[in-house]
Amino acid sequence: MSWEDVLKSISYSAIVLDEESRKKLLDLDMPEGWKPYAHHMTIRLGPLKEDSQYKVGDKVSMNMTAIGMDDRTMAVKVDAKREDTKGFPHVTIAVNPDGGKPFHSNQIKDFEKYSGKLSGVVKEIPNR
């Protein structure tokens with residue numbers, strides 16, 4: 001498989017939360033009827049770079065630093081490192097099915113301090 005094929009086959013690279021971390025986020029109060037996510041922290045779109053600090057299969061621990069919400073999404077900021085400039089490091093917790101999309105988490109303005117730990121495994125997520 002050529003590098004171009006790999007680029008086309010990987011949608012994004014992420015720290016995918018383990019079940020304990022996912023449950024921790026899904027147990028938070030969220031608006032009724034919102035779609036739960038609590039799946040991953042995006043490292044970058046596409047595959048990991050060859051010089052990435054992350055490697056597929058790495059177990060990663062992240063500190064939650066803040067929690068925020070607007071009328072479209074709810075997310076926690078984390079102290080992990082993103083490798084692109086498309087937003088800040090976060091995990092989308094839930095999305096309003098009435099017009100919200102996970103990427104809207106990057107547009108949340110109001111956050112308040114929040115602490116806790118999350119962990120997961122680095123994965124490259126294929127296109128569907």
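**Exercise 1.** In which loop does alanine 38 lie? Describe its backbone and its exposure as well.

*Solution.* The model is a predicted one.
Step 1. Locate the residue: alanine 38 is in the loop between strand 2 and strand 3.
Step 2. Look at the backbone. Most residues other than glycine have a negative phi. Alanine 38 is not a glycine, yet its phi is positive, about 45°.
Step 3. Classify the exposure. The relative accessible area of alanine 38 is 0%. Buried means under 20%, so alanine 38 counts as buried.

**Exercise 2.** Work out in what order the strands of the sheet are arranged, and find its edges.

*Solution.* 
Step 1. Follow the sheet from one side to the other: the 7 strands come in the order 2-6-5-4-7-1-3, and the sheet is open.
Step 2. Note the sense of pairing, which is antiparallel. In general, strands of a sheet pair through backbone hydrogen bonds.
Step 3. Identify the edges. Strand 2 (35–36) and strand 3 (40–45) each pair on one side only, which makes them the edge strands.
Step 4. Examine one pair. Strand 4 (residues 59–69) and strand 5 (residues 73–78) are joined antiparallel over 5 bridges. Methionine 64 has valine 78 of strand 5 opposite it.

**Exercise 3.** Find how many salt bridges the whole structure holds, and state whether their residues are buried or exposed.

*Solution.* 
Step 1. Count: a search of the whole structure gives 2 salt bridges.
Step 2. Take the pair aspartate 27 and lysine 23, whose closest N and O atoms are 2.8 Å apart. Aspartate 27 and lysine 23 are both exposed.
Step 3. Take the pair aspartate 84 and arginine 82, with an N to O distance of 3.0 Å. Aspartate 84 and arginine 82 are both buried.

**Exercise 4.** Describe the surroundings of leucine 118.

*Solution.* 
Step 1. Leucine 118 is buried, because its relative accessible area is 1%.
Step 2. List contacts, leaving out residues up to four places away in sequence. Leucine 118 touches, among others, Leu17, Ser21, Leu25, Val60, Met64, Val78 and Val91.

Conventions: Residues are numbered from 1 along each chain as its sequence is written. This is a predicted model: local features need pLDDT of at least 70, side-chain atom pairs count only at pLDDT 80 or more; totals for chains, interfaces and linings use all residues. Side-chain values use heavy atoms; hydrogens and water are left out. Two strands pair if DSSP finds at least two bridges between them. Helices (H or I, at least four residues) and strands (E, at least two) are DSSP runs, numbered from the N terminus. A salt bridge is a side-chain nitrogen of Lys or Arg within 4 Å of a carboxyl oxygen of Asp or Glu. Buried means under 20% relative accessible area, exposed over 50%, partly exposed in between (1.4 Å probe, protein chains only). Contact means heavy atoms within 4.5 Å.
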